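Subject: Handover of a structure and what was found in it

Dear colleague,

Please find the structure below, together with its sequence. I would be grateful if you kept it open while reading the notes that follow.

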Amino acid sequence: MNAGDRVRVDRADQTYEGVLLPSSTPDHLAIKLDGGYNVGVDRADADVEVLESDVYDVESAQDEQGQSRIEFDDDLPTVSLISTGGTIASTVDYRTGAVTAQFDAEDVLRAVPDLAGIANYRGRVVANILSENMTPAVWQDLVRAIHEEIEAGADGVVVMHGTDTMQFTAAAIAFMLDTPVPIVFTGSQRSADRPSSDNVMNAVCSVEAATSDCAEVLVCMHADESDDRCALHRGTRVRKNHTSRRDAFETVGARPLGEVDYDTDGDNEVSFRRAYAERGETDLALADDIETDVDLVKFTPGMDASLLEAAAEDSAGIVIEGTGLGHVNTDWIDAIEALDVPVVMTSQCLEGRVCDRVYDTGRDLLEAGVVEGEDMLPGTAKVKLMWTLANTEDVEDAMGESLAGEIQDRSTPWL
């Protein structure tokens, strides 16, 4: 039997029927079921019957050397594909049945032949981790790699990243790098072995965005549950709001900055609804120092101020996720005033602006030295404080200024 044969596999009391796939190990069989899912079976425990030979040509997307058939065209822009791991760059480990991050950027090109003809590509692997394992040190490795790719002539950059912490990394890159070209983060909520996978559309739309005129850090993911368009979110205003939906990402406080209309025939269209930094208007500049000892503390009723004091012991700065307009229990105020580090107040409300001038508690917090976080998302505020502590003279002024679109203007309507 060979990869591409239709087989029936009996193992114990289970029967599987589908197309035999190339396996990651010689000891296991990989089978694509008719429903689109893949299963792995221990070869030693299985009885296999070949029902039909060569029903699927597994080599159709490769040349004799196993390389992707992505042709280079001098008239096309060059997009750098940088992989950090995550579901979009994952495959199934047939020893365990689990999805693991093990593809590099070249594998993504082979897996998504729809990318051909949009751009020329350079592939680079910065990390091969699931995003829950992301660290500030990897942010620094990533931003340096992006800087090098742009210096080397890339017309745009696409970063493949796990979705769970993508919003933090996108914000970090937005603060650490001034860019003259688009930098687009994308991922996948559902892996390539699933029939409802979003990896192809997200990858194609991200490359289209990376060749656009918007020279900002963007997050490109499904705009809704359909397969017709991707939303383009500003990297400092986006949040993952659902654990598993394909349209899990939302811009907070506004509609997405733009979108990509997806067409299976390749007629994709990128559009924007608000002003953005245009390609080429900003000089490339890297400021990758970062203060890692910053904590984000979420206040809840009954929470003792000693928890805040413990968090601040080895911290260079604290972001508090307060209630409403930016409040905590009044018992916390003395503890905050005693801290010898910057304290930034944000709100656990999904939308709206911190304003500590309305109620007595807020006014007392301001007198205690709290810095208002405007309408920054708490996670973005933490990343920004990490960056400002390492790169600015006046942290309070920097936190109150919109450096990468993280603070919206008070007069801007929701559109």
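Ile 150 counts as buried, at 9% relative accessibility (buried means under 20% relative accessible area, exposed over 50%, and partly exposed in between, with a 1.4 Å probe and protein chains only). Please note that this is a predicted model, in which local features need pLDDT of at least 70 and side-chain atom pairs count only at pLDDT 80 or more, while totals for chains, interfaces and linings use all residues. Residues are numbered from 1 along each chain as its sequence is written, and side-chain values use heavy atoms, with hydrogens and water left out.

Ile 150 belongs to helix α2, which covers residues 136-151 (helices, H or I of at least four residues, and strands, E of at least two, are DSSP runs numbered from the N terminus). Beyond its neighbours within four places in sequence, Ile 150 is in contact with Val 157, Leu 177, Thr 179, Pro 180, Val 181, Ile 183 and Leu 284 (contact means heavy atoms within 4.5 Å). One of these residues, Ile 183, is 33 residues from Ile 150 in sequence, and the two C-alpha atoms are 9.7 Å apart in space.

The sheets

In what order do the strands of the open sheet of 8 strands stand? The order is β9-β6-β10-β12-β13-β14-β17-β18, and the pairing is mixed (two strands pair if DSSP finds at least two bridges between them). The edges are held by β9 (120-125) and β18 (269-272); each has a single partner strand, so one side of each is left without a neighbour in the sheet. On average, neighbouring strands here are turned by 25° against each other, direction ignored (axes are lines fitted to C-alpha atoms, for helices over the stretch in contact, and angles run from 0 to 180 degrees between N-to-C directions).

Within this sheet, β6 (residues 78-83) and β10 (residues 156-160) pair in the parallel sense over 5 bridges; Val 79 has Gly 156 in β10 as its bridge partner. Strands β14 (residues 229-234) and β17 (residues 258-261) run antiparallel and are joined by 4 bridges, with Leu 232 opposite Gly 258 in β17. The pairing of β17 with β18 is antiparallel, over 4 bridges, and Asp 261 has Glu 269 in β18 as its bridge partner.

Another open sheet is formed by 5 strands in the order β4-β3-β2-β1-β5, with antiparallel pairing. Its edge strands are β4 (38-42) and β5; each has a single partner strand, so one side of each lacks a neighbour in the sheet. Neighbouring strands of this sheet are turned by 45° against each other on average, direction ignored. Strand β2 (residues 14-21) runs antiparallel to β3 (residues 28-33), with 4 bridges between them, and Leu 20 has Ile 31 in β3 as its bridge partner.

A pair of helices

Two packed helices are described by the angle between their axes and the distance between the axes. The axes of α3 (residues 166-176) and α8 (residues 378-391) come within 9 Å and cross at roughly 35°. From α3, Phe 168, Ala 171, Ala 172, Phe 175 and Met 176 meet Gly 379, Thr 380, Val 383, Lys 384 and Trp 387 of α8. By class, this contact has 7 nonpolar, 2 polar and 1 charged residues (Ala, Val, Leu, Ile, Met, Phe, Trp, Tyr, Cys and Pro count as nonpolar, Asp, Glu, Lys and Arg as charged, and the others, Gly among them, as polar).

Residues in loops

Is Thr 236 buried or exposed? Thr 236 is buried, with a relative accessible area of 1%, and lies in the loop between β14 and β15 (238-240). Its contacts outside four places in sequence include Ala 171, Phe 175 and Thr 380. The side chain of Thr 236 also reaches the backbone oxygen of Gly 405 at 3.5 Å.

Thr 165, in the loop between β10 and α3, counts as buried at 19% relative accessibility. A polar atom of the Thr 165 side chain lies 2.8 Å from the backbone oxygen of Ser 131.

Leu 76, in the loop between β5 (47-52) and β6, is partly exposed, with a relative accessible area of 22%. Leaving out residues up to four places away in sequence, Leu 76 touches Gly 117, Ile 118, Ala 119 and Asn 120. Leu 76 and Ile 118 are 42 residues apart along the chain, and their C-alpha atoms are separated by 7.1 Å.

Yours sincerely

Technical notes
Polar contact = N/O pair within 3.5 Å; in protein donor to acceptor, adjacent residues only side chain to side chain.
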